[in-house]
Amino acid sequence: MRVLVADDSRVMRQIVIRTLRQAGYDWEITEAADGAAALEIAKEMDPDLVLSDWNMPEMTGIELLRGMQAAGMDIPLGFVTSEGSSEMRETADAAGALFLIAKPFTAEVFRDTIDPFLA
Amino acid sequence: MSAAIDLTAFTGQDPILTIAEEVFSAMIDPEPEALREWFGETPGFTDPTYAWVDLGGEMPGRVLLTTERTTATRITRSLLCLGPDEVVENADFVDAFGEIANVLGGNVKSLVPDPGALTLPKVAHTMPDGPVRALMHEVRLDWRGDLLVIALWSLP
């Protein structure tokens, strides 16, 4: 499975990737440092899943999701964000996000959230 | 901003302390009770590092994290799984410590009704520039003997 991880923090991208490995996901992972870069990479790469931060420079995660949809790309996107309020979850859900994982997270949270979509 | 967070609604522990414990446990130090509330007098910072995010909305505010530079470096090492002798690059230091403020700020934002946008985190060795209105709430933390302070400021 090929996954694109978008976050403006290189540290957080590393933590997301490390946690995915800890959760048992041996995926091929590509990184993007902001939403705009992620959109371009997604167009080239056609990943199976995008894991995106919400608040990023150049293009936010929600703008990335809408940008992919506008480009006719049917790529599932899940948010991994520090903002996990019910309002944010509703916004993410309304925009068509697969899920929203709030930071801080654990490998168990990743498994519990992502596994149902892999089944 | 803290006036918009009814801290008395949280029976028992300060919700900011709870957020900090979750952040440290998941991201920095999984050892139980490695992060505790600071008790007793707090020493002044000799070489402080500040990381903050601002929240917009009807009651704009700031979540400011302050600690010694050495403590922020230790936090960076933990986040990046660096050994004690590995060099911590400044870009990684700013990224890592800023991300802690970002996660704290995002979680604080979840406590505030009708919050505005969260800014990207900033890190500096001096206090943030610009006016503030008032210190609304402060939590002093003890991470294995090191002091960290999380302060919630209201902004004009």
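**Figure 1. Contacts of B:L104 in a predicted model.** Leaving aside neighbours within four places in sequence, B:L104 is in contact with B:I19, B:A20, B:V23, B:V63, B:L65 and B:I150. Two residues are in contact if their C-beta atoms, placed from the backbone, lie within 7 Å. The model is predicted: local features need pLDDT of at least 70, side-chain atom pairs count only at pLDDT 80 or more, and totals for chains, interfaces and linings use all residues. Residues are numbered from 1 along each chain as its sequence is written, and chains are lettered from A and ligands numbered from 1 in the order in which they are written.

**Figure 2. The largest nonpolar core.** This core has 74 residues, of which B:F97 and B:L104 touch the most other members. The element α3(B) gives the most to this core, with nine residues. A nonpolar core is a set of buried Ala, Val, Leu, Ile, Met, Phe, Trp, Tyr and Cys residues joined through C-beta atoms within 7 Å. A residue is buried if 20 or more other C-beta atoms, placed from the backbone, lie within 10 Å of its own. In soluble globular proteins, nonpolar side chains tend to be buried together.

**Figure 3. The side of chain B that touches chain A.** The contact takes 19 residues from chain B and 17 residues from chain A. On the chain B side, the elements that give two or more residues are α1 (15–28), α2 (69–80) and α3 (90–109) of chain B. The largest share, ten residues, comes from α3(B). The residues of this side divide into nine nonpolar, five polar and five charged. Here Ala, Val, Leu, Ile, Met, Phe, Trp, Tyr, Cys and Pro count as nonpolar, Asp, Glu, Lys and Arg as charged, and the others, Gly among them, as polar.

**Figure 4. The sheet of chain A.** Chain A has five helices and five strands, which are DSSP runs numbered from the N terminus (helices: H or I, at least four residues; strands: E, at least two). The five strands form an open sheet in the order β2-β1-β3-β4-β5, with parallel pairing. Its edge strands, β2 (28–32) and β5 (99–102) of chain A, each pair on one side only. Two strands pair if DSSP finds at least two bridges between them.

**Figure 5. Strands β1 and β2 of chain A.** Strand β1 (residues 2–6) of chain A pairs with β2(A) in the parallel sense over five bridges. A:A6 stands opposite A:A32 in β2(A).

Conventions
Buried ≥ 20, exposed ≤ 12 C-beta atoms within 10 Å, placed from the backbone.
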